[in-house]
Amino acid sequence: MTRMDRHCQIVGESLIGERPVDEQTCLSMAILADRLERLRQSSDLFAGVAFSPYVQKMKRHAEAMVVS
């Protein structure tokens, strides 16, 4: 049995409404974004990999809340 990365789990739970979109969710999204960027830089195989539209929308919403 594989264990899901905690940051993926936090973002997933926030997406389905099991937990609020809070500081921990924003931190987890930032960590995952950093990991994804490092993968993109390491190989062209990952050039087309991106977060789902749902995660992108949640990220924009969370960023807007921080600015407000």
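Me: Where is the place of Arg 19?

Reply: Arg 19 is placed in the loop between H1 and H2. Helices here are DSSP runs of H or I with at least four residues, strands are runs of E with at least two, and both are numbered from the N terminus. This is a predicted model, in which local features need pLDDT of at least 70 and side-chain atom pairs count only at pLDDT 80 or more, while totals for chains, interfaces and linings use all residues. Residues are numbered from 1 along each chain as its sequence is written, and side-chain values use heavy atoms, with hydrogens and water left out.

Me: Does Arg 19 count as buried or exposed?

Reply: Buried means under 20% relative accessible area, exposed means over 50%, and partly exposed lies in between (1.4 Å probe, protein chains only). Arg 19 counts as buried because its relative accessibility is 18%.

Me: Which residues does Arg 19 touch?

Reply: A contact means heavy atoms within 4.5 Å. Not counting residues up to four places away in sequence, Arg 19 touches Arg 6, Ile 10, Glu 13, Ser 14, Gln 24 and Thr 25. One of these, Ser 14, is in helix H1 and counts as buried at 6% relative accessibility. With the same exclusion of residues up to four places away, Ser 14 touches Arg 19, Pro 20, Val 21, Thr 25 and Met 58.

Me: Which residues in H1 meet which residues in H2?

Reply: From H1, His 7, Cys 8, Ile 10, Val 11 and Ser 14 meet Gln 24, Thr 25, Ser 28, Met 29, Ile 31, Leu 32 and Arg 35 of H2. The residues of this contact divide into six nonpolar, five polar and one charged. Ala, Val, Leu, Ile, Met, Phe, Trp, Tyr, Cys and Pro count as nonpolar, Asp, Glu, Lys and Arg as charged, and the others, Gly among them, as polar.

Me: What is Leu 32 in contact with?

Reply: Leu 32, in helix H2, is buried with a relative accessible area of 13%. Leaving aside neighbours within four places in sequence, Leu 32 is in contact with Asp 5, His 7, Cys 8, Val 11 and Phe 51. The C-alpha atoms of Leu 32 and Cys 8 are separated by 7.6 Å, although 24 residues apart along the chain.

Me: Where is confidence lowest and where is it highest in the chain?

Reply: The pLDDT is the predictor's confidence in each residue, from 0 to 100. Confidence is lowest in helix H3 (residues 53–67), at a mean of 85, and highest in H1, at 96. The chain averages a pLDDT of 90, and 93% of the residues score at least 70.
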